[in-house]
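Visitor: I'd like a close look at one part of this model, please. Take me through the place where the two chains meet.

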Amino acid sequence: MKRGHQDILHGGGGWYAVAPEMERGKRKTTMGAAEEGGDVDELLAALGYKVRSSEMADVAHKLEQLEMAMVSSAATNDDALLSHLASDTVHYNPSDLITWVDNILSELNAPPPPLPTPQSLPSADAYDLEPLPALPAPATPLVLGSDPQSEVAPSPRDRKRMKVCSSPPSSSTTTDAATSAAAALPVVVVDSQEAGIRLVHALLAGAEAVQQDNLKAADALVKQISLLATSQGGAMRKVAGYFAEALARRIYRPQPRGGVGCCSFDSVAFDDMLHMHFYESCPFLKFAHFTANQAILEAFAGCRRVHVVDFGMRQGMQWPALLQALALRPGGPPSFRLTGIGPPQPDNSDALQEVGWKLAQLAESIRVDFRYRGFVAASLADLEPYMLLDQDADGGGGGKDEEPEVVAVNSVFELHRLLARPGALEKVLGTVRAVRPRIVTVVEQEANHNGGTFQERFTEALHYYSTMFDSLEGGAAAAGADDGGPDQALSEMYLGRQICNVVACEGAERTERHETLAQWRGRMDRAGFEPVPIGSNAFKQASMLLALFAGGDGYRVEEKDGCLTLGWHTRPLIATSAWRVAAPAEDPLSALAAR
Amino acid sequence: MYNKTPGWLPRFASATAEGSMLPEEVGEEEGEEEEEGRKGRRRTGFSINDNVDLLAEILGRLDGRSLGVAGCVCRLWSAVGRKDSVWEAVCHRHAAGGGGATRSVVAALGGYRRLYRLCIGPALDRLAGSDGAGLSLSLSLSLSLFSIDCYERLGGRQQQQQQSASLLFLCKPVDVS
């Protein structure tokens, strides 16, 4: 069937012969429903009806009108219509479904009830299925979201294919048609599963329309997406909702206003709160912290003075576990210094110092010698090496006799922001090198949301965030549906803000520039770092951690060339890697300057 | 306190301490208890309640749930069942790892009883529910989670009590329908 895919797309209009229909229908039942052909709807074709997929909604609409006409005529005890239909319809070939319905309706001479005709459909028709050449991941159909109807075989399909879908407002049952005429939405969803495919197509078409600057069509598609999304359930609906909103933002606000992100709440405190809920509800951040801590712990083995630089301090949730592990390591705890870097707070509250104080309390209770320093920096590129190096308050007299401190630099989801400004990442990596760290731990999203055209970025992001939302859904489902509640919703909002940034923003505003592990490897190599393999202890601990999560079955910890990735089923979502300064073959600073 | 033990207890305790007792002795003792009320005079056997250290040693060999149940028996057992040394034995039995300095660190973070209640117990339940895949719970992982919980409960400089939520993922109810 794949051979037919491209042919069908470019075949233009044209009806298919009836003869191969049955054969195609048989193949259809074995194939799985995600692969939809081009012009003719294959599922209907299996039943002997020829309907173009682009006119499906139209047909459904007209069938609905017909139904209403029949119902209303029956209500008025007018048997003429029904007897007429019974005797004369044999003259029309019902396999040409749309013509058949058209003819009957016109013959009725009854004005159809004033349903609002959908303006979105005519223009969308042209785009409905054509812009698929950009479809990536060649053979595999887009498996997005858990599709509850994917097991449905064609046989239970009704003649009347207007089924009630999961979400009530979007479709009307046949019995309600007469009563809810005024409220009926223009798009009648034929089948939830088909609507899902349709939804994905609409999303991709919207992206292409934006790419081609065809904002009118894009706007129409966004409306269609919103309608289609209501027919889906669970993860797919939410993902589609966020992407539709992001597309809408992009269409309506092309000029970036200075400094305003694409979210309604810009406060750092709100962001931190969302971050905390994301931390609590799913294992990604915990995985990141645990694996990074293990790498740092191993790098600090035997050192008496250690210093950790955290590029994204936030609430400091990573460090209690490291403090505890250092307290219990053989040989006793080292002298521990922590430098936390955070963004400026709008309300002048000193969040960094609060966090430092709490950590100091904890460290004191477990008897680890602890020093803390917080730095407020709008961007990591503002950091200079002298800020991070050891500065003894005494003037360094006694410091020289002591062991030099061993430095670890930790960055969890922070480095990708630097890609928004050219040169920022190189400067930061240069600063890191200047501090001569024993180990640099980097945790980043495993996706390429920074390359190529807008359309490619959109498609890639759609895959990635669908999987992320799936994992949130899976976790909540396993833990008991009623507990999904606030944590899950806020985590989804946290991801939604990322989606908004990836899709709707450009230039310096677009800070969510995720790149894959391979790309980061290249960048770190060029900056003079070499990889440090993360050991099996981290792998075991991460596996154990995942086993403790209620939805843990779907999560997979994998090791990839010395780095650990956490993914949902087959798709890796975040990756932890560790680096150290490569043995210099030449003067490192001049090598960096030469690049 | 010892006098308040219910009538059946000495028989039970003696049975555990000494093995099976002859039925005549049991009946005789029970009869005596009924006659003489709260004298606490025992002519035969050995009562576990006289030897708190031995009781602690025995209770420390139970699993967490049984130890919790044992704590409902009487006030003595409840007091012994709350001792951190007893829970320390339980924790070490179920989670591998830990060295000499563990005790002071755990005490600083909130104690072994709390450690079991918040981390080890739910984790064991979760692992028993799923396949487990042969993974044995490590003490270090439990301690990491425990330290995060302790950190969350610390107040800031304003000393406001925080709700710690980082361990909620362990305590979510599993659908048993």
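How much area do chain A and chain B bury between them, and what share of it is on carbon and sulfur atoms?

Guide: First, the ground rules: this is a predicted model, where local features need pLDDT of at least 70, side-chain atom pairs count only at pLDDT 80 or more, and totals for chains, interfaces and linings use all residues. Residues are numbered from 1 along each chain as its sequence is written, chains are lettered from A in the order in which they are written, and side-chain values use heavy atoms, leaving out hydrogens and water.

Now the answer: the two chains bury about 3300 Å², with 68% of it on carbon and sulfur atoms (buried area is the accessible area, 1.4 Å probe, that two parts lose on being put together, summed over both). On chain A, the residues losing the most are A:Lys358, A:Met544 and A:Leu548, together 20% of what that side buries. Counting contacts (heavy atoms within 4.5 Å), 35 residues of chain A meet 34 of chain B.

Let's zoom in on one helix pair (helices being DSSP runs of H or I, at least four residues, numbered from the N terminus). The axes of α20(A) and α8(B), residues 112-129, come within 9 Å and cross at roughly 80° (axes are lines fitted to C-alpha atoms over the stretch in contact, with angles from 0 to 180 degrees between N-to-C directions). The two helices are therefore roughly perpendicular, a label for 65 to 115 degrees.

Conventions:
Angles under 35 degrees count as roughly parallel, over 145 as roughly antiparallel, 65 to 115 as roughly perpendicular and the rest as oblique.
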